[in-house]
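Please read the notes below with the model open beside you.

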Amino acid sequence: MASIRIKAAGLSFLFFAIIGFLFFISATSAEDKEGPSDQIQLSPQTRACLGCHSRYTPGIVGDWQTSRHSRTIPGQALTRPVLERRISTETIPDTLSGVAVGCFECHSLNATAHKDNFNHFGFRINVVVSPDDCSTCHPNERKQFADSKKAHAIKNLMSNPVYHTLVSTVTGMKTYEQGRLVAAKPSETTLHESCLGCHGTKVEVTGMQTLHTEVGDISVPKLTNWPNEGVGRENPDGSLGACTACHPRHGFSIEVARKPYTCSQCHIEPDVPAWNVYEESKHGNIYSSKHHEWNFNAVPWKIGKDFKTPTCSTCHNSLVVSPQGDVIAERSHDFGARLWVRLFGLIYAHPQPKSGNTTIINNKDGLPLPTAFSGEPASEYLIDAAEQSQRSDKMKNICKACHGSDWVNRHFAKLDNTIKETNEMTLTATKLMMDAWQKGIEDKANPFDEPIEQMWVRQWLFYANSVRYSSAMTGAPDFTSFNHGWWDLTNNLLNMKRAIDLKSETIKQEGK
């Protein structure tokens with residue numbers, strides 16, 4: 001039986017190769033109108049891919065045809081002035097330097113490292129294109145990203161017992177049994193589409209599977225937790241991250257990455273309300289009204305000429321220059337490189353961690369958190385004052401391209417005060433929570449599974465964060481006031497105090 005399947009596979013390959021060639025002939029006339037194949041040299045392998053995929057996945061092909069990859073020969077890209085380059089390598093492999101960046105050029109790289117590599121109609125290809133593959137042309141970007149918190153997003157969440165407990169508590173199934181709510185562990189599917197939808201999943205090969213397609217049965221790798229574009233995805237070649245989280249495949253558009261909608265996929269209220277704050281702010285208002293007049297594809301990106309107000313990428317990672325070409329901010333794919341403070345309260349705002357892998361942190365409470373319950377930072381694992389100053393100066397330099405020094409300095413002084421006050425409001429909630437634990441009103445074994453504990457979580461995960469993000473991005477006062485802002489910070493403390501008092505009184509009455 002096995003030998004029959006092998007012979008059938010061989011005949012199928014010959015048959016589909018011929019059909020693919022015929023599809024290629026019929027498809028290229030339409031494809032050539034788009035430009036890339038008749039103006040730029042394509043490899044024979046990519047032409048073969050297009051032969052079938054132009055018919056069976058025309059959306060993918062159409063997206064690629066409009067991409068810069070389809071019109072770019074890497075060897076020629078190296079001849080451009082350094083600031084205008086979109087690649088950071090100084091050498092290109094001979095097999096890639098003279099042809100456009102097509103299907104085969106991306107899906108065939110580093111085959112020995114890819115456990116998802118397989119034979120597809122005579123070509124050895126990988127299912128998942130990883131950061132290590134992209135590093136062939138973009139090594140600096142890959143290295144910067146690899147050292148960032150985003151690259152370690154799964155580990156930082158799921159390998160930290162505190163955060164993992166929060167995730168499991170929130171996303172685990174609940175049943176009602178004998179008068180009690182009983183919690184179970186979350187399913188892989190729920191994790192995949194909730195927390196790990198942003199943080200990324202671990203994609204592993206568990207064997208081969210047969211897919212029934214229009215061209216017949218095809219044997220492909222069977223992958224766990226796929227598809228997923230989470231920013232810290234663990235790939236079958238061992239690399240971390242998904243470039244397509246920001247540069248969607250197969251267009252890999254820099255325009256898409258520079259627009260705030262991409263960041264809003266994950267950075268949205270209630271825990272990280274960056275998009276909501278931006279949308280309400282003056283910067284967001286100007287963007288919404290005028291962005292159709294801007295040039296999002298220019299490299300370098302000229303402030304005041306190509307765009308008139310910042311987007312997320314302007315402040316966090318883009319190469320930004322003046323109209324005269326003076327560098328205001330260098331490109332970085334470590335999205336924390338210009339950040340001196342981590343606004344996201346865990347449980348307090350704190351200096352940025354030294355390492356993208358935050359699981360190594362150990363505070364004075366013996367927990368893998370960047371601050372103790374008292375608010376004291378685990379300074380050994382966080383950047384020092386000199387590094388904080390250097391990074392804040394980088395951010396201020398961007399602001400000063402549009403605003404005067406006094407405006408900028410006052411803005412950052414305001415932010416410093418906001419961080420101080422929201423941390424103090426979190427400390428008040430934490431003191432209430434610790435009092436409840438000490439009195440046995442709540443059980444600290446799981447600090448996230450009881451009503452008062454969840455009030456405490458909202459204080460730092462939702463309300464304090466909302467105020468800080470609004471202050472940092474300025475011009476969205478509703479998010480510092482009534483929309484998860486100061487109103488909720490205050491109201492939550494009152495509700496916590498009342499709940500603790502009521503439960504304490506109930507325990508006393510039951511003890512009589």
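Where is Phe-252 found?

1. Phe-252 is found in the loop between strand 6 (216–223) and helix 14 (254–258). Helices (H or I, at least four residues) and strands (E, at least two) are DSSP runs, numbered from the N terminus. Phi of Phe-252 is near 50°, which is a positive value in a residue other than glycine. Phe-252 is partly exposed, having a relative accessible area of 28%. Buried means under 20% relative accessible area, exposed over 50%, and partly exposed in between (1.4 Å probe, protein chains only).

2. Some ground rules. This is a predicted model, in which local features need pLDDT of at least 70 and side-chain atom pairs count only at pLDDT 80 or more, while totals for chains, interfaces and linings use all residues. Residues are numbered from 1 along each chain as its sequence is written, and side-chain values use heavy atoms, with hydrogens and water left out.

3. On confidence, the mean pLDDT (the predictor's confidence in each residue, from 0 to 100) of the protein is 92. Of its residues, 92% reach 70 or more. Over residues 1–37, however, pLDDT stays under 50. For that stretch the model has 29 contacts beyond four places in sequence, where contact means heavy atoms within 4.5 Å.

4. On the overall build, the protein has 512 residues, and 46% of them count as buried. Its secondary structure comes to 23 helices and 11 strands. The C-alpha trace spans about 85 × 65 × 40 Å along its principal axes. Among contacts with a separation of 6 or more, 58% are between residues 24 or more positions apart.

5. His-484 is in the loop between helix 22 (478–481) and helix 23. With a relative accessible area of 23%, His-484 is partly exposed.

6. Which peptide bond ending at a proline is cis? The bond from Val-299 to Pro-300 is cis, with omega near 0°. Pro-300 has its place in the loop between helix 17 (282–290) and strand 7 (301–302). The bond from Leu-346 to Ile-347 is also cis, with omega near -5°. Ile-347 is in the loop between strand 10 (341–342) and strand 11 (350–351).

7. Now helix packing. Helix 19 (residues 385–399) and helix 20 (residues 405–438) pack at an angle of about 135°, and their axes are 10 Å apart. Axes are lines fitted to C-alpha atoms, for helices over the stretch in contact, and angles run from 0 to 180 degrees between N-to-C directions. The two helices are therefore oblique to each other: angles under 35 degrees count as roughly parallel, over 145 as roughly antiparallel, 65 to 115 as roughly perpendicular and the rest as oblique. Met-395, Lys-396 and Cys-399 in helix 19 meet Val-408, Asn-409 and Phe-412 in helix 20. These contact residues divide into 4 nonpolar, 1 polar and 1 charged. Ala, Val, Leu, Ile, Met, Phe, Trp, Tyr, Cys and Pro count as nonpolar, Asp, Glu, Lys and Arg as charged, and the others, Gly among them, as polar.

8. How do helix 21 (residues 451–473) and helix 23 (residues 486–511) lie, and at what angle do they cross? Their axes come within 9 Å and cross at roughly 170°. Helix 21 and helix 23 are therefore roughly antiparallel to each other. The residues of this contact divide into 12 nonpolar, 3 polar and 2 charged.
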